[in-house]
Amino acid sequence: MESSSGSGASPKLVHSLLERVNRIVDELCRDREGINLMEVCGTHTMAISGFGIRQAVDKRLKLLSGPGCPVCVTTQEEIDGAIGLAENPDITLVTFGDMMRVPGSRCSLEQEKAKGADVRVIYSAMDALDFADAENGRQFVFLGIGFETTAPTVAAAVLAAQHRGIENLSVLPMFKLIPPALEKIVSSKRVNISGFILPGHVSTIIGTRKYQFLVEKYRMPSCITGFEASDIVQGIYMLLKQMKEGPEVAIQYRRIVRPEGNPEARHIMETVFEPVDAAWRGIGMMPGSGLGFREDFGLFDAHKRFEFKPRKPRKTGCRCGEVMLGLITPPECKLFGKICTPEMPVGPCMVSSEGACAAYYKYERRND
Amino acid sequence: MCLGIPVRIVELNRDTAIGEVGGVQREISVMMTPDAKVGDYVIVHAGFAIQIVDQEEAKENLRILEQMARAVDEKREKVRRRKNARG
Ligand code: SF4
């Protein structure tokens, strides 16, 4: 990595931060049993596992993974709906790579592709425009999966498609919004959470305002945190300090996140999409927790353009829903590492590069 | 999906730019970061620059971390000296 790019903190700095963290944990645990902090970002999940932060902190401090992996929170019905489109020979599906191996009730997109379906993986939503432009007799459907970070990029592609007069491209919107999920988690009280390690890049877009309810309504320590080891440990430190001194929506990741977020990105997103009720895997229906097309852009809505046949989801024994709420850790799922592995995933948390089960499998299998 | 690796802008057109990371160049969209200039580092998500890295903030944070580390060192040193004095 370039020297002027990241946090620049040396391992020695991380070490002394850890020492401070463990000292406060010790202090705080004089009058409580333990502390649960939750992250809600797949990149944090991977980083915490990959850097070995869970093992480096005092055992009484538990780091839980929340619903921060976009593919994992997508419901089985939505995934089946997307895969169902691939069976239509007149449609080309365009998707980010994450979705390819996610198991549907019958098969995955990768398996559909092997059988001859036209499924193309892209890096940027903009790439879909060129595909659609090159074959304008064919229908292209982009799978709109992601949080507030990804939705503006897809909205930008829709605006560009409108501008270029591309009519054979649509989007299947399955976007999810983070703040409503946080509210559901704190208000449900199923897990006793002492603070949130808030996502760095979602917050780059939305800023701090949408999180204020965490402090005002729930007195919940909250810290927008970056992705390097030093960022995460510092974020944890800031949360523990808030537990002592009072909660706020703090920003550790100041080199990227501004309190106001990124208004340009939000403007693009809000021009094309509006909040809609959405169902999350493991959590259920939450009002205003997804994004759908605004009426002016209805032409781009794949829901309106194609017919979706509901399919009964297959029961698998996968406990992704509980994993994502911090109710169980991945090894507590009976299928973990035995029947469910990254090579033969049963649930989305094992297949996604940001899923908690994949993170545990890759980095923490022996430690558990 | 979000790597969070800063990408340096080496060439700027209107809505697009050429970004470079680790010697690899790639076209990115800069429509969400209208203030980006050549030489800036930006965070890229799915082909779009989503924010410009604030180098001043990065330096400031490093300074805070170093200060904290020094405090930890000093505390450790004090404990060690106290032990030595006793022993
Ligand atoms: S280990 Fe596999 S089956 Fe179990 S919760 Fe994780 S993804 Fe689902």
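Modeller: Two strands pair if DSSP finds at least two bridges between them, and helices (H or I, at least four residues) and strands (E, at least two) are DSSP runs, numbered from the N terminus. This is a predicted model, where local features need pLDDT of at least 70, side-chain atom pairs count only at pLDDT 80 or more, and totals for chains, interfaces and linings use all residues. Residues are numbered from 1 along each chain as its sequence is written, while chains are lettered from A and ligands numbered from 1 in the order in which they are written.

Biologist: Which strands stand at the edges of the open sheet of 4 strands in chain A?

Modeller: This sheet has parallel pairing and the order β4-β3-β5-β6 in chain A. Its neighbouring strands are turned by 25° against each other on average, direction ignored. Each edge strand has a single partner, so one side of it is left without a neighbour in the sheet; the two are β4 (119–121) and β6 (169–173) of chain A.

Biologist: How many residues of β6(A) are buried?

Modeller: Buried here means 20 or more other C-beta atoms within 10 Å of a residue's own, exposed means 12 or fewer, and partly exposed is in between, with C-beta atoms placed from the backbone. On one side of β6(A), Leu169(A), Val171(A) and Pro173(A) are buried, and on the other so are Ser170(A) and Leu172(A). The strand is largely enclosed by the rest of the structure, because the buried count is 5 of the 5 residues.

Biologist: At what angle to β5(A) does helix α7 of chain A run?

Modeller: Axes are lines fitted to C-alpha atoms, for helices over the stretch in contact, and angles run from 0 to 180 degrees between N-to-C directions. Helix α7 (residues 126–134) lies across β3 (91–95), β4, β5 and β6 of chain A, and its angle to β5(A) is about 170°.

Biologist: Now the sheet of 5 strands in chain A: which residue of β7(A) is the bridge partner of Met38(A)?

Modeller: That open sheet has the order β2-β1-β7-β8-β9, with parallel pairing. Within it, β1 (residues 35–39) and β7 (residues 195–198) of chain A pair over 3 bridges. In β7(A), the bridge partner of Met38(A) is Phe196(A).

Biologist: How far apart are the axes of α8 and α13 in chain A?

Modeller: Residues are in contact if their C-beta atoms, placed from the backbone, lie within 7 Å. Those of α8(A) that meet α13(A) include Ala155(A) and Leu159(A), with Ile268(A) and Met269(A) among their counterparts. Helix α8 (residues 151–164) and helix α13 (residues 263–272) of chain A pack at about 60°, and the axes are apart by 8 Å.

Biologist: Which element gives the most to the side of chain B that touches chain A?

Modeller: Here 31 residues of chain B are in contact with 42 residues of chain A. At least two residues each come from β1 (6–12), β4 (41–45), β5 (48–52) and α1 (55–86) of chain B. With 11 residues, the one that gives the most is α1(B).

Biologist: Last one: is Val10(B) buried or exposed?

Modeller: Val10(B) lies in strand β1 of chain B. Leaving aside neighbours within four places in sequence, Val10(B) is in contact with Ile18(B), Glu20(B), Gln25(B) and Val38(B). Since 12 other C-beta atoms lie within 10 Å, Val10(B) is exposed.

Note on methods: Contact = placed C-beta atoms within 7 Å.
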